[in-house]
Amino acid sequence: MPKPNADLSKEENQSDAAGRRAQGEFVRGVSGFRSAIGDADFPAEPGRYHLFVALNCPWCHRVTLARNILGLQSGVSMDVAFPGRTEKDDPAGENLWEFNPGRIASLTGAPLPECTEETATGEGLRLVQQIYRAEGSDERSVPVLYDKKQQRIVNNESAEIIRMLNAHAGALGSTIVQEKRPDLYPNDVDLQSEIDALNEAIYTRINNGAYKAGFSSDQSVYAAAYESYFTMLAELEDRLAANGGPFLTGESFTEADLRLFPTLYRHDPVYFVRMKLNGARILDYPNLWHWLCRVHALPGVADSSSLVHCRQGYFGRSWNNVVPLGPFRPMPYPQAYSHPELAGAL
């Protein structure tokens with residue numbers, strides 16, 4: 001397995017980050033924990049590792065997808081935070097991920113059944129922030145890959161986590177035999193180069209591009225991100241039309257498909273409105289829509305995904321905490337992802 005490094009995740013350029021943020025640009029921070037399963041301190045063992053995630057977060061979505069697709073539900077345990085972070089009146093402060101299965105979601109008027117207590121540290125911590133503080137860190141992000149045996153954070157960079165889960169799936173306790181288990185990053189130099197190139201473009205223009213558009217307060221930054229996002233969608237549409245295979249690199253589902261899915265899954269029902277990416281729906285791109293429906297139908301994908309959490313998490317943090325009821329054309333999401341024949345029909 002390649003050693004995790006900065007190039008793997010194609011991180012945000014941090015030059016003059018404070019100044020750029022002051023000018024209205026969204027600049028993503030850098031993950032600080034970069035060890036790997038397979039290092040001397042972190043041997044690959046079933047039942048040893050744990051994930052802290054929030055189902056609305058697309059970076060966590062990558063990781064839950066990998067966990068399910070690779071058959072690691074029993075080999076790697078997981079806790080799920082509430083999709084909305086703490087409010088101003090919280091004793092610990094606002095904007096913190098919390099494990100609070102009893103918290104009421106404004107969208108449903110009830111607790112969300114997927115949310116859990118914190119179970120890995122033995123202390124029942126309420127906040128993700130507390131997990132970091134135990135290691136002297138001020139970070140507060142998810143996902144977190146955690147070693148239950150040593151009570152240590154292994155890694156909090158999603159791109160690296162999915163690659164190490166793939167590389168060590170068998171040793172971590174996958175319930176899928178190797179011959180039938182997807183290999184997200186096959187040992188083929190040419191294919192790896194193709195996946196890496198796709199990952200970089202998808203991260204810069206789609207995954208993080210959506211945030212550049214939706215969370216930047218400068219009109220020109222938003223416009224540039226918006227243009228790049230839809231230009232990349234058109235390029236991916238053409239790629240799928242030309243390559244003749246069901247997935248981005250052809251016949252096999254790879255890391256590139258997995259990393260694209262969380263953003264496109266959110267586009268029509270969430271990002272179209274919340275991120276101001278209202279130039280088109282994925283439904284308007286026949287090949288991308290077919291691809292999206294195809295991936296959604298893969299074993300473990302639907303179980304890794306929750307639009308209730310997504311809509312609560314993105315819109316529940318808006319200025320008035322109201323979650324819009326739409327868009328529901330041509331039918332509610334995610335049910336629409338079971339109908340590839342709808343592409344281009346409206």
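## Stop 1: the paired strands

Select β1 and β5: they pair in the antiparallel sense over four bridges. Strands here are DSSP E runs of at least two residues, helices are H or I runs of at least four, and both are numbered from the N terminus. Two strands count as paired if DSSP finds at least two bridges between them. This is a predicted model, in which local features need pLDDT of at least 70, side-chain atom pairs count only at pLDDT 80 or more, and totals for chains, interfaces and linings use all residues. Residues are numbered from 1 along each chain as its sequence is written, and side-chain values use heavy atoms, with hydrogens and water left out.

Now pick leucine 51. Leucine 145 in β5 stands opposite leucine 51.

Stay on β5, residues 144–147. Val144 and Tyr146 point one way, Leu145 and Asp147 the other, and all are buried. Buried means under 20% relative accessible area, exposed over 50%, and partly exposed in between (1.4 Å probe, protein chains only).

β5 and β6 pair in the antiparallel sense over three bridges. Tyrosine 146 has isoleucine 153 as its bridge partner in β6. Aspartate 147 has arginine 152. The hairpin has four residues between the strands, and glutamine 151 takes a positive phi near 55° there.

## Stop 2: arginine 48

Go to the loop between α2 (17–22) and β1 (49–54), where arginine 48 is found. Is arginine 48 buried or exposed? Arginine 48 is buried, with a relative accessible area of 8%.

Show side chains. Those of arginine 48 and aspartate 147 are joined by a polar contact of 2.9 Å. A polar contact is a pair of N or O atoms within 3.5 Å; within protein, one must be able to donate a hydrogen and the other to accept it, and residues adjacent in sequence count only if both atoms are side-chain atoms. Leaving out residues up to four places away in sequence, arginine 48 touches Asp41, Pro43, Gly75, Tyr146, Asp147, Lys148, Lys149 and Gln150. Contact means heavy atoms within 4.5 Å.

## Stop 3: helix α8

Select residues 255–274. This is α8, 20 residues reaching 26 Å from first C-alpha to last, close to the 28 Å expected at 1.5 Å a residue. The expected span is 1.5 Å times one less than the number of residues.

Where is the kink of about 85° in α8? Centre on histidine 267, shortly before proline 269. The bend at a residue is the angle between axes fitted to the seven residues ending there and the seven starting there. Colour α8 by burial: 17 of its 20 residues are buried.

## Stop 4

Most residues other than glycine have a negative phi, and most peptide bonds are trans. Try these exceptions.

- Lysine 276 lies in the loop between α8 and α9 (286–296). Its phi is near 60°, and at 42% relative accessibility lysine 276 counts as partly exposed.
- Asparagine 95 lies in the loop between β2 (77–81) and β3 (104–105). Its phi is near 70°.
- Valine 142 to proline 143 is a cis peptide bond, omega near 5°. Proline 143 is in the loop between α4 (128–133) and β5.
- Tyrosine 333 and proline 334 are also joined by a cis bond, omega about 10°. Proline 334 is in the segment after α10 (307–315).

## Last stop: zoom out

Show the whole protein chain: ten helices and six strands. Of its 346 residues, 53% count as buried.
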